[in-house]
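The following account is intended to be read alongside the sequence and the coordinates.

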Amino acid sequence: MAVAWNDSYSFGHNKVDEERRKIFDIANQFAARRDLIAARAALAKLAEYSRILFHTEETLIFASLGQQEYNKHAHSHRVLMKHVNEITLMDLDGKPQDEKVFVQKTAAILEMWIFNHFIHEDPKVRPALLKAAQKVFDHSKAG
Ligand SMILES: [Fe+2]
């Protein structure tokens, strides 16, 4: 599953888009090999990426989004992180019991992340995120 960045995915803020593009790099590096090593690398990067990106995203949208919308979006982040953790746990003993399933589940979480969360869920918080990003990033650039 090689995926390409499309300008329609852009939020229109360089710093935010730069972060958002990283998920495509992770997915494409995995897709180039689609094996145990690539799956392990992708999961490690997803774990790190999700901690940083979700924290940034949630911090930015917290002030501008209604409580219910915020909770819903933050919950969808937790679900993605839960899946990454569950798949990673399959590999804790040094080798997953079923390597093929491990690789397939890694592909599935990347697809879910990009084709569900990234393309359908993130745009719902785009206005709130952009509003806050412009204040935070552009203010720090000016100062
Ligand atoms: Fe999100």
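**Charge, fold and metal site**

The mean positions of the 20 positive and 19 negative charges of the chain are 2 Å apart. Here Lys and Arg count as positive and Asp and Glu as negative, with His and the chain ends not counted; the place of a charge is taken as NZ of Lys, CZ of Arg, CG of Asp or CD of Glu.

The model is predicted: local features need pLDDT of at least 70 and side-chain atom pairs count only at pLDDT 80 or more, whereas totals for chains, interfaces and linings use all residues. Residues are numbered from 1 along each chain as its sequence is written, and side-chain values use heavy atoms, with hydrogens and water left out.

The chain contains five helices and zero strands, giving the pattern α-α-α-α-α along the sequence. Helices (H or I, at least four residues) and strands (E, at least two) are DSSP runs, numbered from the N terminus.

Of the 143 residues, 40% are buried, where buried means under 20% relative accessible area, exposed over 50%, and partly exposed in between (1.4 Å probe, protein chains only). The chain exposes about 8,400 Å², of which carbon and sulfur atoms supply 54%; accessible areas come from the Shrake-Rupley method with a 1.4 Å probe, and for residues only the protein chains shown count as cover. Among contacts (heavy atoms within 4.5 Å) between residues at least 6 apart in sequence, 73% join residues at least 24 apart.

Which residues supply the protein donors of the iron ion? They are Glu57 (OE), His73 (NE2), His77 (NE2), His117 (NE2) and Asp122 (OD), lying 2.0 to 2.2 Å from the iron ion. Donors are N, O and S atoms within 2.8 Å of the metal (3.2 Å for Na, K and Ca); water is not among the atoms, so sites may look incomplete. The donor residues follow the sequence spacing E-x15-H-x3-H-x39-H-x4-D. Both His117 and Asp122 are buried.

Leu80 counts as buried because its relative accessible area is 3%. Gln134 lies 54 residues from Leu80 in sequence and 26 Å away in space, C-alpha to C-alpha.

Phe118 belongs to helix α4 (residues 99-121) and is buried, at 3% relative accessibility. With neighbours up to four places away set aside, its contacts are Trp5, Tyr9, Arg20, Ile23, Phe24, Trp113 and Pro123. Phe118 and Asn28 are 90 residues apart in sequence, and their C-alpha atoms are 15 Å apart.

Trp5 and Tyr9 also touch Asp17, which is found in helix α1. Asp17 touches Ser10, Phe11 and Gly12 as well, not counting residues up to four places away in sequence. The relative accessible area of Asp17 is 7%, and therefore this residue is buried.

Arg34 is found in the loop between α1 (14-33) and α2 (36-62). Although Arg34 is not a glycine, its phi is positive, at about 50°. Is Arg34 buried or partly exposed? Arg34 counts as partly exposed because its relative accessibility is 40%.
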